[in-house]
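I opened this entry to keep track of what I looked up. My notes follow in the order in which I made them.

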Amino acid sequence: MNDESKDEAPMSSRYERVYALVRVIPAGQVATYGQLARLAGCTARVAGYAMAAARPADEVPWQRVINSQGRVSQRREGADGDVRQRRMLEKEGVIFDAYDRIDLAAFTWPGPGWDWLEANGYDPGGM
DNA sequence: CGCATGACCCAGG
DNA sequence: GCCTGGGCCATGC
């Protein structure tokens, strides 16, 4: 349904597995790059790169992905994406403590649970 | 093809 | 808790 021959959809397909997972995260909850990486079968670094490459057209709630410290990853100097990410999360009801940290135990996507997904061989590409 | 650069993570000190 | 160093791997020049 799309012509990627000359369309501006470069490597998105390479990150599609990660995007598919992120789209499942409900508003008000978060997941870490590491968790996504394990489920998507890539490294945490790639998961992070995938988020950086995500664009509005991909319809990926990238703001719900944070680092293993439970914090919003800082962007490079001059980029304000991290600030917006925090505001978006707070608007969804996510709480940051005095250390700018999110209580992973309380906000990490528990829904069906990552363990459940892994135990059931969840396949991002076959949903 | 080599080199530099990331929205990472983990182990140590 | 903070700072370092090493390992990861995709991208772009």
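I began with the surroundings of DNA strand B and found 15 residues there, the closest being Y33, R45, W62, S73 and R76; a residue is near a strand if one of its heavy atoms lies within 4 Å of it. Of the atoms of DNA strand B that come within 4 Å of the protein, 51% belong to sugar and phosphate.

The model is predicted, so local features need pLDDT of at least 70 and side-chain atom pairs pLDDT 80 or more, while totals for chains, interfaces and linings use all residues. I noted that residues are numbered from 1 along each chain as its sequence is written, that chains are lettered from A and ligands numbered from 1 in the order in which they are written, and that side-chain values use heavy atoms, without hydrogens and water.

Next I sorted the surface near DNA strand B by class and got 6 nonpolar, 6 polar and 3 charged residues. Nonpolar here covers Ala, Val, Leu, Ile, Met, Phe, Trp, Tyr, Cys and Pro, charged covers Asp, Glu, Lys and Arg, and the others, Gly among them, are polar. Helix α3 gives the largest share of this surface, 6 residues. Helices are DSSP runs of H or I with at least four residues, strands runs of E with at least two, numbered from the N terminus.

I then looked up polar contacts, pairs of N or O atoms within 3.5 Å. A polar side-chain atom of S73 is 2.8 Å from a phosphate oxygen of DNA strand B.

Which rings form an aromatic cluster? I found Y15, Y19 and Y49 in one. Rings of Phe, Tyr and Trp (its six-membered ring) pair if their centres lie within 6.5 Å; planes under 30 degrees apart are stacked, over 60 edge-to-face, and the rest tilted. The count is 2 aromatic pairs. Y15 and Y49 have ring centres 6.4 Å apart and planes at 45°, so this pair is tilted. Y15 is in helix α1 (residues 12-24) and Y49 in helix α3 (residues 44-53), 34 residues apart.

I checked accessibility too: buried is under 20% relative accessible area, exposed over 50%, partly exposed in between (1.4 Å probe, protein chains only). Y15 is buried at 11%, whereas Y49 is exposed at 55%.

Technical notes: Polar contact = N/O pair within 3.5 Å; in protein donor to acceptor, adjacent residues only side chain to side chain.
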